[in-house]
Amino acid sequence: MQLRSRAVAESQHIVRAVRSPRFASSKRLKEAIVKSEPEVAAKPEVVVKPEPAGTVEVGPPAQTPSRGKRKAKADPAVDTAIPLYKLEIQDAKDKSDSVVKKPKTAPAHWEDVWNGIAAMRAARTAAVDTQGCESFNDPSLDPPVRRFHVLVASMLSSQTKDPVTAAAMERLKAHGLSVANILATDHATLAQLLRPVGFFNNKATYLHKTCAILQDKYASDIPPTFDELVALPGVGPKMAHLTMSAAWEKTVGICVDVHVHRISNRLGWVKTWNKANPKSQDPEKTRKELEDWLPYDLWNPVNAMLVGFGQEICLPMNPRCADCGVRDLCPSASKKLK
């Protein structure tokens with residue numbers, strides 16, 4: 001008990017001494033303070049050595065030793081040893097895009113054939129030259145009206161001969177060929193104006209629907225792009241390509257009608273003729289094959305050239321091969337043709 005009282009008294013004495021500045025330099029006080037403080041383990045001194053100039057290589061982090069024999073589970077997201085196909089990781093790019101399409105080789109002597117047909121067409125005496133859709137691209141009209149006339153002529157030309165289309169266009173012009181006037185004309189009257197154009201009743205319906213769209217969306221003008229044109233009622237790819245070239249003076253594809261489709265197959269320029277069912281043909285296949293090899297600057301003139309050639313020389317039935325200047329280069333010359 002006496003020892004405990006003595007220790008308490010001594011500690012109180014030290015505290016009073018710490019608070020008193022008189023004993024700050026006392027050797028006994030310093031020793032007492034050191035004895036009263038808890039012992040703290042000394043931290044090892046870290047010596048940083050300067051790195052030599054140049055590239056510093058950073059090694060992999062030290063691995064923490066695992067406890068026992070249990071192995072760490074591999075992360076498949078970073079394990080490069082796992083094949084990508086097992087992880088079902090595919091390239092975002094479509095596989096079809098990685099295949100480079102080989103351009104089609106142009107037919108032999110096609111330039112000689114082109115020049116020969118162009119020479120035969122130099123006089124421009126075919127119906128397409130004076131009664132085709134391009135002939136209604138009247139520069140004296142206001143641009144929207146002029147373009148509308150070209151669109152209407154191309155819509156009427158489907159499965160209709162050029163003289164019949166031209167006659168119907170003259171009747172429409174006399175009646176008043178504008179978007180507003182067509183909308184004001186009843187269906188029966190419009191159909192009679194179109195007759196005997198092929199499918200005149202359907203085309204009268206298409207004209208009414210198309211004019212309503214032109215008035216609402218295009219301020220009574222026609223669409224300026226191929227996709228918008230082909231979206232109009234009664235307008236197919238052939239009509240859209242023709243309208244783009246004639247009305248907008250922009251060639252975005254080859255206009256392929258029955259003449260271009262037939263003659264391109266006869267010349268061996270394409271192989272798209274449906275021999276199993278000649279009455280069921282797909283001109284779009286011919287367009288794609290022609291565009292694969294025909295130079296772009298010939299995409300526009302090829303239609304009028306082959307259409308006129310088909311109207312005068314290379315007829316659908318009984319072609320006039322004896323009068324053809326390229327018969328020696330034509331694989332179908334003097335053969336029985338369908």
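This is a predicted model: local features need pLDDT of at least 70, side-chain atom pairs count only at pLDDT 80 or more; totals for chains, interfaces and linings use all residues.

Tutor: Of the contacts in the chain with a separation of 6 or more, 60% are between residues 24 or more positions apart. The secondary structure consists of 15 helices and 0 strands. Of the 338 residues of the chain, 34% count as buried. The accessible surface of the chain comes to about 23000 Å², and carbon and sulfur atoms hold 55% of that area.

Rolling a probe the size of a water molecule over the atoms shows where empty space is left. The largest pocket has a volume of about 1200 Å³. Its lining is made up of 40 residues, and the closest of these to the pocket centre are Gln159, Lys238, Asp257, Val258 and His259.

The lining can be read by class, by helix and by domain. By class, 17 of the lining residues are nonpolar, 13 are polar and 10 are charged. By helix, at least two lining residues come from each of H5 (127-131), H7 (162-175), H12 (237-247), H13 (258-266), H14 (283-293) and H15 (301-312). By domain, at least three lining residues come from domain 1 (110-124 + 255-329), and at least three from domain 2 (127-248).

Some backbone details of the chain complete the picture. Most residues other than glycine have a negative phi, and most peptide bonds are trans. Against that background, the bond between Arg195 and Pro196 is a cis peptide bond, with omega of about 15°. Pro196 is found in the loop that runs between helix H9 (187-194) and helix H10 (200-217).

Two residues deserve attention for phi. Ser220 is not a glycine, yet its phi is positive, at about 65°. Ser220 sits in the loop between H10 and helix H11 (226-230). With a relative accessible area of 29%, Ser220 is partly exposed, since that class lies between the 20% and 50% cut-offs. Asn318, also not a glycine, has a positive phi of about 55°. Asn318 belongs to the segment after H15, and H15 is one of the helices that supply residues to the pocket lining. The relative accessible area of Asn318 is 66%, so Asn318 counts as exposed.

Methods:
Residues are numbered from 1 along each chain as its sequence is written. Side-chain values use heavy atoms; hydrogens and water are left out. On a 1 Å grid over the protein atoms alone, a cavity is a set of points where a 1.4 Å probe fits but cannot get out, and a pocket is an open set with protein on both sides within 12 Å along at least five of seven lines; lining residues have an atom within 4 Å of a point. Grid points are joined across faces, edges and corners, and a volume is the space filled by probe spheres set on the points. Helices (H or I, at least four residues) and strands (E, at least two) are DSSP runs, numbered from the N terminus. Ala, Val, Leu, Ile, Met, Phe, Trp, Tyr, Cys and Pro count as nonpolar, Asp, Glu, Lys and Arg as charged, and the others, Gly among them, as polar. Domain bounds come from an automatic or database domain assignment. Buried means under 20% relative accessible area, exposed over 50%, partly exposed in between (1.4 Å probe, protein chains only). Contact means heavy atoms within 4.5 Å. Accessible areas come from the Shrake-Rupley method with a 1.4 Å probe; for residues, only the protein chains shown count as cover.
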